[in-house]
Amino acid sequence: MPKTEPSGAVETVLLVEDDNPVRTLTREALVRRGYRVVEARDGATALSLAESHAGPIDLLLTDVVMPDMSGRELADRLRPTRSDLKVLYMSGYEDEAVVQRGGLEPGAVYLRKPFTPQALARMVRDALDSPP
């Protein structure tokens, strides 16, 4: 029996990616699966959007290495006001480089770029369904 692809429900994803084509493709893949997507090109914009967003933000999907603010720093700055926020990092760097350059704690969950829409859907669903 073929595996069904994970699909969204009513969750909202804050997508933060400084590469426009990657952000666009990622947004489209998430929207096709039913997720609501709030998107930002950098950490400062993401903070502003999160502050003005009235509803819940269920998942922060962020690039690890970005100009001015890393994905880890962004997550750390969002958590005081959104304590239930789950985080999934994206990176094109190798495992060790992600930990070193992105300042991620060992064991942080991240999706390696480039990724397929199916891999994205699976990782997003797993992150959302994980315990707090």
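User: Which residue is the bridge partner of Leu-15 in E3?

Analyst: In E3, Leu-15 has Leu-61 as its bridge partner. Helices (H or I, at least four residues) and strands (E, at least two) are DSSP runs, numbered from the N terminus. This is a predicted model, in which local features need pLDDT of at least 70 and side-chain atom pairs count only at pLDDT 80 or more, while totals for chains, interfaces and linings use all residues. Residues are numbered from 1 along each chain as its sequence is written, and side-chain values use heavy atoms, with hydrogens and water left out.

User: How many bridges join strand E1 to strand E3, and what is the strand order of the sheet?

Analyst: Strands of a sheet pair through backbone hydrogen bonds, either parallel or antiparallel. Here, strand E1 (residues 12–16) and strand E3 (residues 59–63) run parallel and are joined by four bridges; two strands pair if DSSP finds at least two bridges between them. The open sheet has five strands in the order E2-E1-E3-E4-E5, with parallel pairing. Strand E2 (36–40) and strand E5 (110–112) are the edge strands, each pairing on one side only. From one strand to the next, the twist averages 20°.

User: Which strands does helix H3 touch, and which does helix H5 lie across?

Analyst: Helix H3 (residues 71–78) packs on the sheet and touches E1, E3 and strand E4 (86–91), its direction making about 155° with that of E3. Contact means heavy atoms within 4.5 Å, and axes are lines fitted to C-alpha atoms, for helices over the stretch in contact, with angles from 0 to 180 degrees between N-to-C directions. Helix H5 (residues 117–129) lies across E3, E4 and E5, and runs at about 150° to E4.

User: At what angle do the axes of H2 and H3 cross?

Analyst: The axes of helix H2 (residues 43–52) and H3 cross at roughly 20° and come within 10 Å. H2 and H3 are therefore roughly parallel to each other, a label for angles under 35 degrees, with over 145 roughly antiparallel, 65 to 115 roughly perpendicular and the rest oblique. Gly-43, Ala-46, Leu-47 and Ala-50 of H2 meet Leu-74, Arg-77 and Leu-78 of H3.

User: Where is confidence lowest in the protein chain?

Analyst: Where pLDDT is low, the predicted coordinates should not be read in detail. In this chain, pLDDT (the predictor's confidence in each residue, from 0 to 100) is lowest in helix H4 (residues 95–102), at a mean of 61, and highest in E1, at 98. The chain averages a pLDDT of 88, with 86% of the residues scoring at least 70.
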